[in-house]
Amino acid sequence: MAARRRLVSALLVFLCASSVFSGAESQEATLTGGHRAAAVDDPPTDTERAEQAAEQPAVEERRWEATEVEEATPDEAAGEKQDTSAPGTAAPSSAPQPKDDFQEELVVRPLHSGDIYASFQFRTLWETDFTRENKVSHYRLFPKSLGQVISKFSVRELHISFTQGYWRTMQWGQPFLPSPPGAELWVWFQDSVTDVDGTWKELTNVLSGIFCASLNFIDSTNTVQPSASFKPLGIGNEATDHRFLRYATLPREIVCTENLTPWKKLLPCGSKAGLAVLLKSEKLFHSSFHSQAVHIRPVCEDRQCKTTSWELRQTLNVVFDLYTSGQGKREWSLFKMFSRTLTEACPLASSSKIYIDVTDNPQGEQFELSPATALLSQAVVLGDRRTFSVYDLTQQITFGSVRSLNLLIRWKSTEGDMLRPLLHAERYVAGYGLQTGEIHTLMYNNHPYRSFPVLLLDSVPWYLRLYIHTLTVTSKGKDNKPSYIHYQPSKDRLRPHLLEMLVQLPPNSVTEVTVQFERALLKWTEYTPDPNHGFYVGSSVISSLVPSIVAMDTNSTLKRPLFSSFFPCKEESSFFVRIYTEPLLVNLPTPDFSMPYNVICLTCTVVAVGYGSLYNLLTRSFQIEEPSPGLAKRIANIIRKMRGVPPL
Amino acid sequence: MLAGVCFGDEPCLLIPSRKTTIKHANVLIFFLFSQENAGQFFSSGHTNNWAVLVCTSRFWFNYRHVANTLSVYRSVKRLGIPDSHIVLMLADDMACNHRNPKPATVFSHKNMELNVYGDDVEVDYRGYEVTVENFLRVLTGRLPPSTPRAPSVINEQIHCWILPLHSYTVVSYIKCHGGNGFLKFQDSEEISNVELADAFEQMWQKRRYNELLFIIDTCQGASMYERFYSPNLMALASSQVGEDSLSHQPDLAIGVHLMDRYTFYLLEFLEDIHPASKTNMNDLFKVCPKSHCVSTPGHRTDLFLRDPGSVLVTDFFGSVRKVELTMETINLTGHIKQWEESAADGEPRKETYSYSDQLPVSEIIHQKPKQKDWHPPDGFILGLWTLILLVFFKTYGIKHLKHIF
């Protein structure tokens with residue numbers, strides 16, 4: 001009870017604070033005095049460091065290094081000097097003044113359906129240049145395998161995700177990081193790459209080795225080169241030339257333990273310490289939705305943004321189902337979700353935090369959180385200001401006397417409603433039979449009075465031949481003319497269809513995009529071993545600038561929680577969001593490959609040819625026929641007949 | 001799996017690859033140590049063993065074939081063959097199949113006693129990648145450039161192969177749906193015993209193996225090794241020609257059989273083996289008597305030069321890596337410091353970077369359409385046709401037309 005009261009008063013203090021800093025984007029407030037208040041600040045103060053040093057000397061030693069770097073970065077010139085002139089201060093085991101930084105973060109969002117959404121973010125920042133001539137050879141936190149891929153293939157940006165299950169936007173709201181079912185890969189290459197297609201092919205092969213996935217199935221038949229979507233997420237100072245962009249999805253890709261194992265190995269602490277100990281495959285794959293991703297991009301190193309650092313962001317999102325993994329009880333704990341509890345932060349991490357979304361629960365009337373935390377944080381994420389309870393794993397006090405943290409969320413009431421997402425989309429195949437069909441894409445704008453633009457990208461395999469003349473876009477029963485259309489027709493067995501459209505969605509409306517298609521006949525060797533399962537068509541990608549409820553933070557260099565800092569924001573009034581529709585499963589005309597069928601075919605052929613021709617010979621009567629006139633003469637006779645002239 | 005991969009003239013890169021090349025390792029071994037000498041250098045023998053484990057069966061009801069393969073995977077990994085030396089091919093995803101009541105697990109024993117999938121499995125070829133072509137390419141090392149390289153494993157629909165390869169030894173193990181003289185892949189293609197024998201011969205000619213153990217668990221399995229003719233091959237099969245291999249361990253919760261009989265007893269046998277075991281091949285031949293297996297397991301040793309009684313099971317299934325300790329101190333920091341300095345020398349960038357707009361609406365709308373390939377103007381084509389017709393009528397005149405009709 002005391003804990004609850006403290007939480008309430010914390011909130012009051014916090015609200016006052018937030019009204020003072022009205023324009024601020026991410027603040028952390030705390031009520032209790034003493035050293036806990038000091039603990040909030042990031043980077044920690046000297047007294048606190050001393051305290052920690054007493055508690056865990058080994059860990060503290062590393063933290064010293066990390067904080068040193070952090071303080072040095074705002075003034076890069078000074079930091080540079082420090083690096084070279086005073087290497088003796090660094091720990092002997094590591095490189096002189098490592099300019100890399102690792103942060104880990106877990107966000108838990110209780111969903112109204114009783115499910116729970118957990119999102120892990122691990123970020124490694126490294127101040128280096130992979131593109132310079134002499135190769136980078138000394139790696140510390142950044143995984144060497146990926147660093148070598150970046151320099152070998154001149155990658156400017158790389159985004160890869162593996163997802164099982166479909167994100168249900170209407171039930172769960174918007175995810176922090178969207179991803180389509182199956183595997184998705186999009187890469188921006190440097191301008192220096194001459195043979196983009198060849199490099200892309202090699203890159204996919206290497207990546208399929210790194211992630212134990214079938215990415216080598218990415219070839220020209222499922223790769224597209226979007227003309228307007230997928231702008232680079234990192235920084236750059238040159239104009240973006242879409243010739244250096246490649247995008248591909250494999251909607252059928254399986255995601256299982258063998259993909260998680262290499263993904264975990266990329267983390268500095270592996271799965272040995274920190275938040276990653278929670279990543280046990282038996283639990284993670286026993287869920288409604290599982291998505292793991294790796295994003296590599298250049299980001300600003302400091303506020304001036306004159307130099308770049310490389311950011312490796314590894315994310316893992318999972319939604320646990322109330323009934324299959326929660327046994328129907330509205331009660332979640334770390335142990336119930338992951339079958340582990342937390343005992344320490346990753347010693348290499350400069351920050352290690354757990355955020356619990358308590359926005360819908362300001363007075364604790366929806367659910368109860370234990371152990372209670374005094375620390376609250378606010379962040380603008382996906383156009384909304386959310387409040388989070390924060391657990392800082394680098395503080396020993398977080399783990400309490402039992403030295404283990406097992407967060408417990410217990411629901412008190414099942415009431416309350418979720419804010420409807422402003423944008424969502426769905427897609428299905430209509431029509432019957434195996435010859436033609438129609439793809440319907442529905443885009444919902446749920447905003448009561450504002451319209452906003454969306455960019456729709458559709459990549460359809462060549463074996464569905466789109467009739468582009470049947471393309472219609474309608475909203476509210478009226479034709480909605482897209483302001484930009486880019487269509488690239490397919491070539492059989494070479495490249496897929498690519499359709500990109502910029503459409504303005506009127507307020508409170510449903511916009512329907514339909515296009516008819518014809519199913520192609522494949523050669524018999526082109527069918528998969530299980531052709532009756534059907535063929536997948538990847539998700540449509542919808543990128544949009546959705547009006548924001550609160551002012552967005554446009555200063556991308558400010559320190560923010562990781563989950564709110566992925567998409568850069570250019571204006572305050574709207575935020576960028578990318579959503580994916582369902583992939584389609586389409587049946588193609590499929591021959592019967594089974595053995596009985598083939599035996600019947602063979603038998604019937606023998607009977608028809610052997611018996612049939614014999615029967616024909618025996619029953620046919622032969623007579624001599626007059627030679628028939630030539631083709632030209634026959635045509636001339638037909639015309640003469642019409643003219644009433646006697647035939648030739 | 002970590003494998004050394006060299007790109008052209010650059011220094012060797014360490015790229016984790018599920019498809020590592022078996023070729024380099026073997027070439028190295030074979031050229032550095034001739035076979036007579038090898039025994040002296042490595043008296044324990046098994047230093048560079050490879051395993052190729054193949055399950056060729058698709059669909060949920062063939063769960064047991066995946067479990068068979070994974071149980072051998074577990075054993076060879078436990079006996080010391082690293083993931084980089086194991087090529088695992090699974091034709092279907094059983095662990096994360098939607099019908100699996102316990103996702104991310106594959107059990108080999110009733111009552112969910114032994115999870116052979118584990119928490120750190122690395123599958124090299126999966127799903128549609130498991131084809132006869134890929135299998136043969138892995139075995140013979142004839143992989144196209146820039147493909148993720150893989151050593152070799154074959155598995156059939158009902159049976160899979162396990163191929164632990166040795167420094168001078170290759171073991172293969174197949175579990176598959178086979179018939180007399182062939183093994184089915186994915187229910188859509190098959191490999192014949194002649195093709196397989198030729199592949200092994202090619203491996204031998206390329207010195208890709210020193211000794212090879214081939215195990216196949218399939219119906220009429222013995223027919224698969226009948227045609228072998230390459231030296232230093234030892235082959236085992238779960239059943240004779242005309243016999244079926246039978247399943248074992250039905251599980252009510254999962255709803256399918258978990259193992260095949262032969263592999264079940266093989267796994268039981270391997271579980272008792274440890275790296276220092278003195279168990280020899282003759283014990284392996286007796287692993288599943290007919291009373292247990294119902295079928296008659298067969299083996300073939302006439303191509304093998306050594307006496308099976310003197311060959312330890314760990315010669316094939318285990319691997320020992322030689323580690324040499326040095327007391328010399330190597331100072332790396334000096335070099336790295338130079339490095340960092342040279343890196344810092346670069347002239348400071350003047351311009352400021354910025355994030356690009358994610359949806360620049362006006363820019364997209366005013367984007368110039370892509371230049372089309374050159375096409376003669378429509379007026380030109382029209383004029384050309386008019387000219388042709390004019391010349392035609394000028395030559396023959398319109399009145400001649402009626403004579404034609």
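Predicted model: local features only at pLDDT ≥ 70, side-chain atom pairs only at ≥ 80, totals over all residues.

Colleague: Fine. Among contacts in chain B between residues at least 6 apart in sequence, what share joins residues at least 24 apart?

Modeller: In chain B, that share is 70%. The chain has 14 helices and 15 strands, and buried residues make up 54% of its 405 residues.

Colleague: Why is helix 4 of chain B called roughly parallel to helix 5 of chain B?

Modeller: Helix 4 covers residues 132-140 and helix 5 covers residues 193-205, and their axes cross at roughly 25°, coming within 9 Å. Angles under 35 degrees count as roughly parallel, so helix 4 of chain B is roughly parallel to helix 5 of chain B.

Colleague: Which residues meet there, in helix 4 and helix 5 of chain B?

Modeller: From helix 4 of chain B you have B:Phe135, B:Leu136, B:Leu139 and B:Thr140, and they meet B:Leu196, B:Ala199, B:Phe200, B:Gln202 and B:Met203 of helix 5. Sorted by class, the residues of this contact are seven nonpolar, two polar and no charged.

Colleague: What makes helix 3 and helix 7 of chain B roughly parallel to each other?

Modeller: The test is again an angle under 35 degrees. The axes of helix 3 (residues 63-78) and helix 7 (residues 261-271) of chain B cross at roughly 15° and come within 10 Å, so the two are roughly parallel to each other. Helix 3 of chain B passes helix 7 of chain B in a left-handed crossing. On the helix 3 side the contact is made by B:Asn68, B:Ser71, B:Val72, B:Arg74, B:Ser75 and B:Arg78, and on the helix 7 side by B:Thr263, B:Leu266, B:Leu267, B:Leu270 and B:Glu271. By class, that contact has four nonpolar, four polar and three charged residues.

Colleague: How do you know that helix 3 of chain B is largely enclosed by the rest of the structure?

Modeller: A residue is buried when its relative accessible area is under 20%. In helix 3 of chain B, 13 of the 16 residues are buried, so the helix is largely enclosed by the rest of the structure. From first C-alpha to last, helix 3 of chain B reaches 22 Å, close to the 22 Å expected at 1.5 Å a residue. Just after this helix, B:Gly80 takes a positive phi of about 115°.

Colleague: Over in chain A, how do you know that the length of helix 8 agrees with what it should span?

Modeller: Helix 8 of chain A (residues 196-210) has 15 residues, which should span 21 Å at 1.5 Å a residue; its end C-alpha atoms are 21 Å apart, so the two agree. Eleven of those 15 residues are buried, so helix 8 of chain A is also largely enclosed by the rest of the structure. Among the buried ones are A:Trp200, A:Leu203, A:Val206 and A:Ile210. Just after helix 8 of chain A, A:Cys212 has a positive phi of about 50°.

Colleague: And why is helix 6 of chain A called roughly antiparallel to helix 8 of chain A?

Modeller: The axes of helix 6 (residues 144-153) and helix 8 of chain A come within 11 Å and cross at roughly 175°. Angles over 145 degrees count as roughly antiparallel, so that is the label for helix 6 of chain A against helix 8 of chain A. A:Ser145, A:Leu146, A:Val149, A:Lys152 and A:Phe153 of helix 6 make the contact with A:Thr199, A:Glu202, A:Leu203, A:Val206 and A:Ile210 of helix 8. The class count for this contact is six nonpolar, two polar and two charged residues.

Colleague: What makes B:Phe59 partly exposed?

Modeller: Partly exposed runs between the buried cut-off of 20% and the exposed cut-off of 50%. B:Phe59 has a relative accessible area of 26%, so it is partly exposed. It is in the loop between strand 3 (50-55) and helix 3 of chain B, and its phi is near 80°, a positive value in a residue other than glycine.

Colleague: Why is A:Thr470 called buried?

Modeller: Its relative accessible area is 16%, and buried means under 20%, so A:Thr470 is buried. A:Thr470 is in strand 20 (residues 464-475) of chain A. Leaving aside neighbours within four places in sequence, A:Thr470 is in contact with A:Thr514, A:Val515 and A:Gln516.

Methods: Residues numbered from 1 in each chain as written. Chains lettered and ligands numbered in written order. Heavy atoms only, no water. Axes fitted to C-alpha atoms, helices over the stretch in contact; angles between N-to-C directions. Helix = DSSP H or I, 4+ residues; strand = E, 2+ residues; numbered from the N terminus. Parallel < 35°, antiparallel > 145°, perpendicular 65-115°, else oblique. Contact = heavy atoms within 4.5 Å. Nonpolar A, V, L, I, M, F, W, Y, C, P; charged D, E, K, R; others polar. Left-handed = near helix turned anticlockwise from the far one by under 90°. Expected span 1.5 Å × (residues − 1). Buried < 20%, exposed > 50% of the residue type's maximum accessible area, 1.4 Å probe, protein only.
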